[in-house]
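Visitor: Let us walk through this model by question and answer. Please show it first.

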Amino acid sequence: MFENTFRRIGTFSARHSAAVIVAWIIVIVVVAPFAPALFSDTSYNIASDIVPPNSPANIASNLQSQYFNSSNDSSFVIVTNNTSIDTLTSLHALMSMQGAIISYLDRNGFSANASSIITIENDTLRSVSLSLGKELSGIYKINVNLYGESNKLNQSLYLTASFLFVPAVVYVQNFSNEFKVSEYNLSRAEEAGYQSASFLEGEFSSTPYGVLSPVYLSDFSAYMNKTLNNTNIKDALEIANSAVNKTSLALSKYISSSNQLFSSEILAVDSNLTIMDFSNLSKYTSFAEQFTVNTIAPGLSSYSSLISGLNTTINRFVTAIVNVSFAGNYAAIPHLTSTEVYNGTIYQFNGNPLVSLNLRYLEPYLSDLLNSGNTSDSYINSTVNSTIYDETFLQYPVLPSQYVMGSLVGYGNTTEIFSFTLNKNYTISTLNSVNKIAASYVAVKPVNGIYYTAGTDVLSQQIEQEVMTGLVRALIIGIVLSILIVGLFFRSPVAAFLPFGLFVMSSIISFGLNDLLYRYALHATVSFVTPTLLLILLLGLTSDYVVYIMSRYRRELYRNGGDPIPESSKWAGHAVFTSGITVALSYIVLYLFKVPIFSDAGITNAVGVVVSIMLANTFLIALFKRLGYRTFWPARNKKIPMEGTMEKISNTVLRNKKKIVVIFIVVAFGALYVYASTPTNMNVFSLIPPSSGIQSAVVVNQSFHRDLFFESFVILKFNSPVIVNGTYNVSEMNQITKLESMMAGLRGVAKVYGPTYPYGQYVNIDRLPSNYVSTYRSQINTYIGSDPHYVMVEFELSNISWSNAAASFINSLPSKISSYMGNSITFYVGGLTAGLDAAYSHTLRTFEEMIPILAASIFVILAIQLSSVFTPLRLILMVLASVIVGLMIIYWIVYYIYHLPIIIFMPMFTFVTLLAVGLDYDIFMITRAREGVMKGMTDEEAITTSIRENGGIIVTLGSLLFVTFGSLYFSDLQLIEEIGGGLAIGVLIDTFLSWPFFVPAVMLLMKKWNWWPSKIRKA
């Protein structure tokens, strides 16, 4: 329909060849500076790129970023395996590794911090030890003071008791003896008692009671003389006890104003002891201890908070040191102090969600830490350092809690995670140096451990390195093979490098335009597959378009000696345009449907194809005008390559067209069955090379029994705020607890964290551990958004996030939540697995919607270009059948032989690409056959002529595309390898089976219906 338009375009390009060439060179010069920038605008973060924009998973991610502090500061992570923190050798290696990495980073201008079980244990033990050291020092000093005070009080009390009771006892003893000796002479007995008692006055002369002795003896004797008589002699001891009582009261009053302590002691002894008790040591000691405690305890009120922290009362605390004091065991004070602080530490740390105690080693450690009261900071730090280095985690007295340990150390304590936070971006060179350091400490004897570098940035850098390496390798292979194929076909080095030259031009222009488009119009980045797919597609299609036009140009050049450009442009240029525009349209549709990862490739590829079409129809024609016969130097071969072979194929098709059509139908339906029955999924990470970023995630999942690197989460939206003025709303919190408890019980969930599971275990917000209420509330509030209508519940999957088991679980989770919670709550499930599941559902749904729309769009274009209804319909159906046959083969190879997953992107991208690209050769054939009919040939003659004349070139073009797409097999990413395999096999099927056999067989059966409803006018 537009053949003459392309004739005019070719004629114009030839007539103004110099201007056309200069114009394209100017375009290249203008956009070339922007071309490399597309690589810097490429995102290698699969986890974020794969989530569809309008999916619940993406909504959840946006809400998480908006309302929750969900940033991950770790710049990179090192995972070590087979490195037990319970053995000194491995532990020292890990310490040295961490220290060496920090030192290296600091030397190279990074401000680096490490978070690991080693740093946390060091910080925990150090801070707790400094606190305990101060507590030990304080308690020790109190105990020492109390020991002295108790001793002093005990001595004073004993002196008081002796002062009161000893003279009385002596008095009674001598009185009784003399009374018997003097034959019951009461006066002499009283005199003897008095004399013996007064003799003891000298014993107290040097004591505070010296001045009171005469008074005491006088009052006591007076009472005894007054009371004793011949009838109550036998009760002398009781009378003496009463005398002591009376005398004590008088003395107490006498000295109360001058010596309150002695006054109280006299009263206490008199009130609690008798003469008989004083002679019983156990009774005296019991009284003395109690009196001492009661006397000392009130003076400790200022230490009440310190002593209550020991989980004891002031009385019990004083009693303990009084017992030691009364036993005269000064050396027991350190042990008593350690025991008291030990009990207090257990009490204080009860309910601590971040720190746990190793009770077996805690009390000995406290004794070491006390150091007889010399608990200076330097000594404590020295003790901590030696403990950390000389012991293992089995023997450390203070440890991170299981909540903390569980996020850094796997089961069996043989897998550890080291997170390094850097103040600026690092390069792959930095990462390689870090790897060397880790290897030098971990992967050597006697440790023989394994290490992996991980983290989002690390994974992105590793994918970038692998993508670029694979791209370079694929391009080199594709370019070399395409140059060889074209050179052999034309037998000319000039012709061999022309497609390569136009590929370079189209690549520079396409990359520059796409960078401008994405940077200034779309304000986005492209996914990691886009540059590879764009370059490989440009290599294949540009080579195809250039070679097809060159082939027609050569034929016209050697035919009748006329100007070959008008006719070449008219038919070959039109065919290339028709083919290219269908390809561009296919990729535009792919872009409009926003397919994760691959939609970027849609618009970039469309731009690239349009550039290739324009170059082929203008710049190439201008070169032909300038080069003429030199285009094919040094060859002068006029023979059409493979013409004889194609003649035989066309004759075979003529004789067996019905059989060929039947075979085609049977094979197509068989392939359709295999295609429909083979499952696809979104397990993209299993098709990424086993880099350390991926391996570390697998190792962590196996060791920790959960996916620790890729947490999933549920964002809940309530009609009412969850917290108001610091008070949690009961109704909402009950709903949250209900959801968290349900999820914690689901098979497939390893851990749940949320407002009532702040540390992975349920807590009653009304009964939080008293010592750690603020700690718990702070953690609880991290799961409540800055807008308190939103709540986040995080959960860790038992299986790694990209596994089929994880995908199946996440797929079923929304329905489980809805059925359990009802429709009263709005929620969104987020995380990598939810993103993968959403991507799969979106891609599958898009795939099913896109193919009919794409087919309809291509049908309209072809119907207009070919002025036919039946041929476009037949072309599309046969290309789809060829694609399905190709997919059947790649499915067998990938899924049934190598047992690798079929990523949904592979059939989708293969369909989109081959539905357009696969039409190329059919279009080349149709346009040549149509040209023949228009020139007066019969349908049979036109079709066989098209096979004969186009056979060699189409086999060449198919081989070019096959090796180009097949070069993707040499990429390091199995995801791209799968796509390359699907495209390559699809092209192979179309080139060597569909085009030479099935397409002409159907056309020969349909004859004039090929052009219906139009009637082709003969040219």
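Visitor: Over which ring does the charged end of Lys424 sit?
Guide: A charge sits over a ring if NZ of Lys or CZ of Arg is within 6 Å of the ring centre and within 35 degrees of the ring normal. The charged end of Lys424 is 5.1 Å from the centre of its ring. That ring belongs to Phe110.

Visitor: How far is the charged end of Arg554 from the centre of the ring of Phe489?
Guide: First, the ground rules: this is a predicted model, where local features need pLDDT of at least 70, side-chain atom pairs count only at pLDDT 80 or more, and totals for chains, interfaces and linings use all residues. Residues are numbered from 1 along each chain as its sequence is written, and side-chain values use heavy atoms, with hydrogens and water left out. The charged end of Arg554 sits over the Phe489 ring, and its distance from the centre is 5.6 Å.

Visitor: How many aromatic pairs does the count come to?
Guide: Rings of Phe, Tyr and Trp (its six-membered ring) pair if their centres lie within 6.5 Å; planes under 30 degrees apart count as stacked, over 60 as edge-to-face and the rest as tilted. By this rule, the count is 41.

Visitor: What angle lies between the planes of Tyr171 and Phe175?
Guide: Both residues lie in helix α7 (residues 117-181), 4 residues apart, about one turn of the helix. Helices (H or I, at least four residues) and strands (E, at least two) are DSSP runs, numbered from the N terminus. The pair is stacked, 6.3 Å centre to centre, with an angle of 5 degrees.

Visitor: Is Tyr753 buried or exposed?
Guide: Tyr403 and Tyr753 form an edge-to-face pair, 6.0 Å centre to centre, with 70 degrees between the planes. It links helix α19 (residues 402-408) to strand β12 (residues 749-753), 350 residues apart. Buried means under 20% relative accessible area, exposed over 50%, partly exposed in between (1.4 Å probe, protein chains only). At 7%, Tyr753 is buried.

Visitor: Why is strand β9 largely enclosed by the rest of the structure?
Guide: Strand β9 (residues 712-717) has 6 bridges to β13 (residues 790-797) and 5 to β14 (residues 826-830). Both pairings are antiparallel; two strands pair if DSSP finds at least two bridges between them. The strand is largely enclosed because, of its 6 residues, the number buried is 5.

Visitor: Which residue has its C-alpha atom 7.2 Å from that of Leu94?
Guide: Leu94 lies in helix α6 (residues 88-107). Leu94 is buried, at 0% relative accessible area. The other residue is 347 residues apart from Leu94 along the chain: Tyr441.
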